[in-house]
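Welcome, and please take a moment to look over the sequence and the model below.

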Amino acid sequence: MATIDTHTHVWSAFSQLCEPRRYTPPYSRTMKQLFADMNSCGVDNAVLVQPSYLGTDNQYLLGMLELWPDRLRGVAVVDPMIREDSFAQMVAAGVTGVRLNLIGQSDPAQMLDGRYDALFDLLRRHDCHLEIQMRGPSWAQLLQPLLDRNLVLVADHFGLPENDQCEGTEALLCGLQSGNLWIKLSGVYRFNAAPGPLAQRLQAAGPSRLIWGSDYPWTQHEEGRTYERCLMELSEWLPEQEQQILGDNPQQLYRF
């Protein structure tokens with residue numbers, strides 16, 4: 001069974017950064033660099049997630065999918081009014097989902113005001129998922145309305161709980177029963193809850209819907225982090241479930 005990292009970012013020094021953006025990376029990270037870390041830790045496959053600072057220009061990501069179709073899948077960032085033929089080409093290239101990064105938005109509920117309806121329809125027709133990064137409390141408000149739209153959802157970074165009693169976490173625990181929600185065990189430095197106990201609660205609620213991601217290269221949180229250490233965290237949280245979380249679960253979602 002392959003070992004799969006479901007959350008990585010790569011870009012070149014020549015990638016065009018979008019305007020406006022919240023963050024400008026002072027370096028680049030190429031596929032060669034990522035593969036070196038993956039190979040050293042016995043990780044076979046990766047999912048490339050479009051970095052927010054590249055906006056909807058997915059050219060580099062799509063280029064990597066073309067070069068390594070057996071090892072990679074992609075999660076793109078797209079204009080909500082993307083043409084179906086353009087989206088279909090992405091899916092054919094190995095894109096299995098679309099990401100919405102709602103960090104910094106004053107009202108994440110705006111995603112339900114109709115502006116994304118055409119995109120939601122495309123996702124359903126092409127059997128793709130919607131990956132969302134937003135602060136934990138917003139999940140309590142928005143998870144069920146999104147599930148009611150028959151979307152397959154992926155919650156980034158444990159759902160970014162604000163503390164150990166986050167109401168959004170409770171919503172995610174309930175949502176795992178739907179069969180259409182996946183939760184990514186990643187980015188523990190991006191939230192304030194204790195990851196080990198949280199991982200165990202999520203595992204008890206939805207063992208077949210947890211996936212792991214390194215969040216390589218840990219933008220804005222690079223200091224002291226290594227690929228090996230990120231992988232070891234999973235074995236500390238859920239030592240009996242590593243094979244399922246690293247292999248069986250992501251293989252189903254990303255169609256490796």
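## Charged pairs

R83 and D85 form a salt bridge, with their closest N and O atoms 2.8 Å apart. A salt bridge here is a side-chain nitrogen of Lys or Arg within 4 Å of a carboxyl oxygen of Asp or Glu. This is a predicted model, in which local features need pLDDT of at least 70 and side-chain atom pairs count only at pLDDT 80 or more, while totals for chains, interfaces and linings use all residues. Residues are numbered from 1 along each chain as its sequence is written, and side-chain values use heavy atoms, leaving out hydrogens and water.

The structure holds 15 salt bridges, and three of these pairs are set out here:

| Pair | Closest N and O atoms | Relative accessible area |
|---|---|---|
| R83 and D85 | 2.8 Å | R83 57%, D85 37% |
| D156 and K184 | 3.8 Å | D156 0%, K184 0% |
| E236 and R229 | 2.7 Å | E236 44%, R229 33% |

To read the last column, note that buried means under 20% relative accessible area, exposed over 50%, and partly exposed in between (1.4 Å probe, protein chains only). R83 is therefore exposed at 57%, whereas D85 is partly exposed. D156 is buried, and K184 counts as buried too.

The salt bridge between D156 and K184 links distant parts of the chain: D156 is in the loop between β6 and α6 (167-175), and K184 is in strand β7, 28 residues apart. Helices (H or I, at least four residues) and strands (E, at least two) are DSSP runs, numbered from the N terminus.

E84, D121, R124 and R125 are linked in a network of salt bridges. E84 also has a polar contact of 2.9 Å between its side chain and that of H126; a polar contact is a pair of N or O atoms within 3.5 Å, where within protein one must be able to donate a hydrogen and the other to accept it, and residues adjacent in sequence count only if both atoms are side-chain atoms. You can find H126 in the loop between α4 (117-125) and β5 (129-133).

## Strands

Strand β7 (residues 181-185) has five of its five residues buried, so the rest of the structure largely encloses it. L181, I183 and L185 cover one side, with W182 and K184 on the other. Strand β6 (residues 153-155) runs parallel to β7, joined by three bridges (two strands pair if DSSP finds at least two bridges between them). V154 has W182 as its bridge partner in β7.

Strand β4 (residues 95-101) has six of its seven residues buried, so it too is largely enclosed by the rest of the structure. Three bridges join β4 to β3, and the two run parallel. The partner of V75 in β4 is G97.
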